[in-house]
Amino acid sequence: IDAAEVEAAMSSRMGQGRGMRSGRGEQGADMFRRFDTNRDGKVTKEEFQESLKKRFAEMDLNNDSKIDDADLPPMMRDQGGVSGGMMGRGTGRGGMHGLAGADANKDGTVTLDEFAAQGTKRFETFDRNKDGAVDKADADALKKEMADYRVKRFIHAYGADKDGKVSKDQFYAKAKERFAQMDANADGKITRDEMP
């Protein structure tokens with residue numbers, strides 16, 4: 001199996017709505033729906049930052065111009081605040097609605113400036129051609145970069161030789177390894193109760 005075949009297989013699975021998730025490609029489509037306020041097919045930095053201001057205001061429950069423990073859900077309070085703890089865990093993209101890593105000075109609060117700076121970093125990740133706007137060309141470029149990365153990761157994980165190809169033996173060795181991991185009781189069968 002070579003890189004072109006892996007890419008074709010992944011594209012086919014994604015086209016059928018199965019298997020590999022499109023990762024940042026999905027986020028790119030979501031960005032257009034959420035932030036392209038004038039519906040011109042691109043998200044400008046200004047549109048994105050205006051949306052960040054609105055989101056910050058929604059998260060600042062006590063209207064004190066900062067987000068701290070008092071603004072977090074009860075189960076997330078006293079866990080290191082917005083500076084760490086649970087902020088980076090599965091609580092939405094980028095942690096608790098983008099708070100992960102936003103507390104630049106680590107004082108336990110996130111100001112609008114810190115929140116906007118963190119959001120702008122995310123915007124710049126999507127703006128692949130660095131023209132100050134995110135459009136379909138940026139989304140397509142990022143999707144291609146992600147596909148190339150997944151192909152490389154697959155080829156590497158299956159132990160490709162120096163020629164960049166995965167042999168049948170390498171492929172089946174990995175398949176047997178995955179089967180053994182799923183076969184919790186080691187009876188040579190994967191039953192419904194062993195399925196993730």
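The model is predicted: local features need pLDDT of at least 70, side-chain atom pairs count only at pLDDT 80 or more, and totals for chains, interfaces and linings use all residues. Residues are numbered from 1 along each chain, and side-chain values use heavy atoms, without hydrogens and water.

Confidence first. The chain averages a pLDDT (the predictor's confidence in each residue, from 0 to 100) of 82. At least 70 is reached by 81% of the residues. Over residues 17-25 the pLDDT is below 50. Residues 85-95 are also below 50.

Now the helices. Helix α3 covers residues 45-59, and helix α4 covers residues 112-126. Helices here are DSSP runs (H or I, at least four residues), numbered from the N terminus. How do α3 and α4 pack? Their angle is about 135°, and their axes are 10 Å apart. They are therefore oblique to each other. Oblique is what remains after under 35 degrees (roughly parallel), over 145 (roughly antiparallel) and 65 to 115 (roughly perpendicular).

Who makes the contact (heavy atoms within 4.5 Å)? From α3, the residues include Phe 48, Leu 52 and Phe 56. From α4, they include Phe 115, Gly 119 and Phe 123.

Last, the rings. Phe 48 and Phe 123 form a tilted aromatic pair, 5.3 Å centre to centre, with 40° between the planes. Rings pair if their centres lie within 6.5 Å; under 30 degrees is stacked, over 60 edge-to-face, the rest tilted. This pair joins α3 to α4, 75 residues apart.

Definitions and conventions:
Axes are lines fitted to C-alpha atoms, for helices over the stretch in contact, and angles run from 0 to 180 degrees between N-to-C directions. Helices (H or I, at least four residues) and strands (E, at least two) are DSSP runs, numbered from the N terminus. Contact means heavy atoms within 4.5 Å. Rings of Phe, Tyr and Trp (its six-membered ring) pair if their centres lie within 6.5 Å; planes under 30 degrees apart count as stacked, over 60 as edge-to-face and the rest as tilted.
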